[in-house]
Amino acid sequence: MHFFFVPTSSSSSPSQANTSSFSLLFLAPSQIPENLCKLPAKIHIGTHGISGQSFLTHPPCSSKNTSLCAVVDRSSSGVSSQQKEFANGEGEGDESNTEGVLVVRRPLLENSDKESSEEEGKKYPARIDAGLSNIAKKMPMFEPERSESSSSSSAAAAARAQEKPLAVNLDLSLYRAKVLARNFRYKDAEKILEKCIAYWPEDGRPYVALGKILSKQSKLADARIVYEKGCQATQGENAYIWQCWAVLEKKLGNVRRARELFDAATVADKKHVAAWHGWANLEIKQGNISKARNLLAKGLKFCGRNEYIYQTLALLEAKAGRYEQARYLFKQATICNSKSCASWLAWAQLEIQQERYPAARKLFERAVQASPKNRFAWHVWGVFEAGVGNVERGRKLLKIGHALNPRDPVLLQSLGLLEYKHSSANLARALLRRASELDPRHQPVWIAWGWMEWKEGNTTTARELYQRALSIDANTESASRCLQAWGVLEQRAGNLSAARRLFRSSLNINSQSYVTWMTWAQLEEDQGDSERAEEIRNLYFQQRTEVVDDASWVTGFLDIIDPALDTVKRLLNFGQNNDNTRLTTTLRNMGGTKASQSNQQTESSVGREDTETGSGFNLDAFLREKLSLDPLKLDVNLDSKRLERFTRGRA
């Protein structure tokens, strides 16, 4: 195969001929005229920026060797006659045969006949013409700057690839962000989580953590954007993001949107128990009890035994008046997790409702043993003891809770109200002020403080405190209670029009508040407008949410719990026949087959009414051994300097 350069320019001037471009022409050896390979010729080749050089062709090519030739059309190239002369006068006689065609052949790879037989067949490059060597030196074979820039860019890309930390750093960063958020350093935590999202966009945990931090700061719109981006980045396969987003929409009051998101969470992972439980709570709040039960049953079916589902079902049973079924479900919750403080507390509240105080006290003891530093356990127990007349014990329990949780405002709030009722208003005012400093965004503290000032006759101060509570958030249930209390204040002060507006505003937030409706009706009746009062009462009964609940759901639900137990079927039959004695016996038998020995002892102690007030639980010894607290040094420190350590992050 032979290669030929054919000019593509049609210019006739010599200057333009130097810049003519050539195209390659491929010819087979049989297609080349014989006279083209016989004549050595000299040709002038012009390039941009390089003066013309003369090259001498080598001996004619053969069909066995492939050569590269340049074919030039004189009529179109306009090369001068001086440039077309043959070197050393050779080939003058054959000029007519080669007119219009000049042949240039590159150096060939020659086989050396003088080498030994061992090196036969090995090719060596021929000597390059001096002129061609000079041109090669002048040609820009590579560009250092461009090459350097490309190498630097590739190095930068490699560096960026190496910048991504190891996967273990994600766990460390998430833990650090959690600690910062716990200390109220939200900005620093947000920066860490944003870096985690940049490095690991496919992981759902940074989105969940960042959304929760933004929600704590009431940046709900930003939290929604974070959850939406997280669902897109994880391609909708992360149930935790869907569930957190649904809880956010539920908090904002978008019930339909929350249902859709809970449904998406269960589709992404049908074993995600928080999605089933959260969706059921949403339906309970909307009054759809049957729907809530079905969702909780599906949660047990797909996720297995779970203390939160059992606890919610037990509360539904207690609300419906089926107390034995409720106790059985509470027991199942404690069997699933004996360290679940919430289950023990909910069970204790059921016993308080039934006025079984010794049993409730034993359950409170189990709750604090299961979670010694749980603030809810100490708070509910302390309020219970104060409510039944054990003021000193209640005060001690609240102080223990505050010593274990010095940043919790609820414990100080209850302690302040207890001191106001049984001690002095000044001490109560100091405790409430301390609680408001611990968490300025906790509405119940401001409401309780305003109520106390109203009772003390400080109406102006009470109004300011109520207004401060509403400035935090005017769309919560706490805001509804605040408006109702403020309405009562204005009613007692004689501002009836203001009281009516406040009652109406409270009902706009929570239309199911029986107290607000009846207070407003009483106001109208006191003013002699009995017809208006009756109209308000009728409005309450017309708009209230009717909760329809029956015991028929238990058939399918308890089959999901343990379909192998024959006692379940007996339980269903007894429940429908209202045979409470046989039902209690059946429940105890079931508890004996499933519970551990410790749980059996608890059930037996809770199941019977005791006349004694003590249970053998030594509270002081428990404080010393388990919590390292001195029972004699539980007074609340009201020093503001000590408080700065806990409120620095909040500021």
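Helix α10 passes helix α11 in a left-handed crossing. This is a predicted model, so read everything below as a description of a computed structure. The chain has 32 helices and seven strands, and 42% of its 651 residues are buried.

**How α10 and α11 pack**

- Two packed helices are described by two things: the angle between their axes and the distance between those axes.
- For α10 (residues 255-268) and α11 (residues 273-285), the angle is about 155° and the axes are 9 Å apart.
- An angle over 145 degrees counts as roughly antiparallel, and α10 and α11 are therefore roughly antiparallel to each other.
- On the α10 side, the contact is made by Val255, Ala258, Arg259, Phe262, Asp263, Ala265 and Thr266, and on the α11 side by Ala275, Trp276, Gly278, Trp279, Leu282 and Glu283.
- Sorted by class, this contact of α10 with α11 has eight nonpolar, two polar and three charged residues.

**How α15 and α17 pack**

- Helix α15 (residues 341-353) and helix α17 (residues 375-387) cross at roughly 15°, and their axes come within 10 Å.
- Angles under 35 degrees count as roughly parallel, so α15 is roughly parallel to α17.
- The crossing of α15 past α17 is left-handed.
- Who touches whom here? Cys341, Leu345, Gln349 and Ile352 from α15 meet Phe376, Ala377, Val380 and Phe384 from α17.
- The residues in this contact of α15 with α17 divide into seven nonpolar, one polar and no charged.
- In the model, the span of residues 341-374 is 79% helix and 0% strand, and its end C-alpha atoms lie 8 Å apart.

**How α23 and α25 pack**

- Helix α23 (residues 477-493) packs with helix α25 (residues 514-526) at an angle of about 15°, and their axes are 11 Å apart.
- That angle makes α23 roughly parallel to α25.
- The crossing of α23 and α25 is left-handed.
- Gln484, Val488 and Gln491 are the α23 residues in this contact, and they meet Val515, Thr516, Thr519, Leu523 and Asp526 in α25.
- By class, the contact of α23 with α25 has three nonpolar, four polar and one charged residues.

**Two buried residues in helices**

- Leaving aside neighbours within four places in sequence, Glu490 is in contact with Arg463, Asn495, Ala498, Ala499 and Leu502.
- Cys196 lies in helix α6 (residues 186-199), and because its relative accessibility is 2%, Cys196 counts as buried.
- Not counting residues up to four places away in sequence, Cys196 touches Leu170, Ser173, Pro201 and Pro206.
- Cys196 and Asn169 are 27 residues apart in sequence, and their C-alpha atoms are 9.0 Å apart in space.

**Loop residues with a positive phi**

- Most residues other than glycine have a negative phi.
- Ser218 has a positive phi, near 65°, and it isn't a glycine.
- You'll find Ser218 in the loop between α7 (205-216) and α8 (220-233), where its 42% relative accessibility makes it partly exposed.
- Gln235 isn't a glycine either, and its phi is positive at about 60°.
- Look for Gln235 in the loop between α8 and α9 (239-252); with 65% relative accessibility, Gln235 counts as exposed.

**Contacts across the sequence**

- Take the contacts in the chain between residues at least 6 apart in sequence: 57% of them join residues at least 24 apart.
- How far apart are the C-alpha atoms of Asn637 and Leu431? They are separated by 9.7 Å, although these residues are 206 residues apart along the chain.
- Asn637 is in the loop between α31 (619-626) and α32 (640-647), and with a relative accessible area of 35% it is partly exposed.

Conventions: Residues are numbered from 1 along each chain as its sequence is written. This is a predicted model: local features need pLDDT of at least 70, side-chain atom pairs count only at pLDDT 80 or more; totals for chains, interfaces and linings use all residues. Side-chain values use heavy atoms; hydrogens and water are left out. Axes are lines fitted to C-alpha atoms, for helices over the stretch in contact, and angles run from 0 to 180 degrees between N-to-C directions. Helices (H or I, at least four residues) and strands (E, at least two) are DSSP runs, numbered from the N terminus. Angles under 35 degrees count as roughly parallel, over 145 as roughly antiparallel, 65 to 115 as roughly perpendicular and the rest as oblique. A crossing is left-handed if the near helix is turned anticlockwise from the far one by less than a right angle, and right-handed if clockwise. Contact means heavy atoms within 4.5 Å. Ala, Val, Leu, Ile, Met, Phe, Trp, Tyr, Cys and Pro count as nonpolar, Asp, Glu, Lys and Arg as charged, and the others, Gly among them, as polar. Buried means under 20% relative accessible area, exposed over 50%, partly exposed in between (1.4 Å probe, protein chains only).
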